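Load the model in the viewer and keep the selection tool at hand. The stops below are given in the order in which to select them.

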Amino acid sequence: MNVLVAGGAGMIGSELCTALVARGDHVVCVDDFSTGRLENLDHLVGDDAFAVVGADVSEPGLGARIPGRRYDVVVNLASAASPIDFVVRPLEILRAGAEGTRQLLEVAGRDRARFVMASTSEVYGDPDRSPQSEDYVGRVDTMGPRAVYDEAKRFAEALTAAHHRHLGTNVGIARIFNTYGPRARDDDGRAVPTFVRRALDGGTLEIFGDGRATRSFCYVDDLVAGLTSLIDSDFPSPVNLGNPEEISVDELVVKVATATGRQPRVRYLAGRPGDPTRRCPDISLARRELGFAPTVGIDEGLARYVATRTELDVRPALSAS
């Protein structure tokens, strides 16, 4: 197939591009490299089945700036998506969710392509039930510090659903839960890459709140398998993709210490406004409709992630264990 992957230079996007090329698809990656990194795609550059276009999906005239082939699939992963980004790129995030999604939907409609929208567990806000299933409407504070991302994705979902209902566009919506992997940014404020980097560097792990808040962490290979299954399906409704193994932040610290062979210092800070207290996907729908079943648990995933660090980082971590 011919696949357009917007945001293809990010952690998830670059892994998805790699998987699609490996199975024989032709992939065009569109990215403005504001948070994605060109080096994430170095191994694909020069492959006849892969091309990169530097473009912001929010800028007018996107359709004219991408190669004029007919696409079978358009995947929208284009958005900054970390807590730090919420603070420094709020307007860009809102534009990506609104105008970026609109333009990519137009490309999909033009080519009668399947459109896969990468949404997020953030649409559930600070949930009052766990695990979260797709019929849960969520508790989002539209004025809160995370609202730019939450609302951008909620609007993108609404726009995608409207195209499906009123224009017949073939769509899929993935609500992605916390994901980590080799190409994660060390400096974006997410728990796994931040904790691992600080542990290996001998730094202090800072926990916002009392450490009892829960998260579920999905290794990127499992997430990409789920996205690929969604691409290949015709399922139109939102579907959770993540690992339902729910652990507290305190438990994550212990597992990071084991994976790195370090015993990092821990400092507790005041909780951040809007941070959810629980986050865990109900993946019953994904199991039934997509055959989605994560295979990499948190212990194995952390070991893989630590092993992707440089030899300088990894060797003392392993010897210290």
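In which loop is P131 found? P131 is in the loop between β5 (114-120) and α5. Helices (H or I, at least four residues) and strands (E, at least two) are DSSP runs, numbered from the N terminus. This is a predicted model, in which local features need pLDDT of at least 70 and side-chain atom pairs count only at pLDDT 80 or more, while totals for chains, interfaces and linings use all residues. Residues are numbered from 1 along each chain as its sequence is written, and side-chain values use heavy atoms, with hydrogens and water left out.

**Stop 1: backbone geometry**

The peptide bond that joins S130 and P131 is cis, with omega about 0°. Most peptide bonds are trans, and most residues other than glycine have a negative phi.

Next, select R112, in the loop between α4 and β5. R112 is not a glycine, yet its phi is positive, about 55°. R112 counts as exposed, at 77% relative accessibility (buried means under 20% relative accessible area, exposed over 50%, partly exposed in between, with a 1.4 Å probe and protein chains only).

Then go to F33, in the loop between β2 (26-31) and β3. Phi of F33 is also a positive value, near 60°, in a residue other than glycine. F33 has a relative accessible area of 29% and is partly exposed.

**Stop 2**

Two packed helices are described by the angle between their axes and the distance between the axes. Here, axes are lines fitted to C-alpha atoms, for helices over the stretch in contact, and angles run from 0 to 180 degrees between N-to-C directions.

Select residues 90-111 for helix α4 and residues 147-167 for helix α5; the two pack at an angle of about 10°, with their axes 8 Å apart. α4 and α5 are therefore roughly parallel to each other (angles under 35 degrees count as roughly parallel, over 145 as roughly antiparallel, 65 to 115 as roughly perpendicular and the rest as oblique). Show side chains for the contact (heavy atoms within 4.5 Å): on α4, the residues include I93, L94, A98 and L105, and on α5 they include Y149, F155, L159 and H163. The residues of this contact divide into eleven nonpolar, four polar and one charged. Ala, Val, Leu, Ile, Met, Phe, Trp, Tyr, Cys and Pro count as nonpolar, Asp, Glu, Lys and Arg as charged, and the others, Gly among them, as polar.

Now pick T169, in the loop between α5 and β6 (170-176). Is T169 buried or exposed? T169 counts as buried, at 7% relative accessibility. Leaving out residues up to four places away in sequence, T169 touches L105, A113, F115, H163 and H164.

**Stop 3: two helices on α10**

Select helix α6 (residues 191-200) and helix α10 (residues 298-307). Their packing angle is about 55°, and their axes are 11 Å apart. That makes α6 oblique to α10. The contact is made by V192, P193 and V196 of α6 and L302, Y305 and V306 of α10. By class, this contact has six nonpolar, no polar and no charged residues.

From α8, the contact takes L252, K255, V256, A259 and T260; from α10, it takes I298, D299, L302, A303 and V306. Here the classes are seven nonpolar, one polar and two charged residues.

**Stop 4: cysteines**

How many disulfides does the structure hold? The structure holds zero disulfides (a disulfide is a pair of cysteine sulfur atoms within 2.5 Å). C218 is buried, with a relative accessible area of 0%, and C280 counts as buried at 4%.

C17 is in helix α1 (residues 11-22). C17 is also buried, at 0% relative accessible area. Not counting residues up to four places away in sequence, C17 touches V5, G8, V27, C29, L44 and F50.

**Stop 5: D56**

Finish at D56, in the loop between β3 (50-54) and α2 (62-65). D56 is partly exposed, with a relative accessible area of 24%. Beyond residues up to four places away in sequence, D56 touches D32, L62 and R65.
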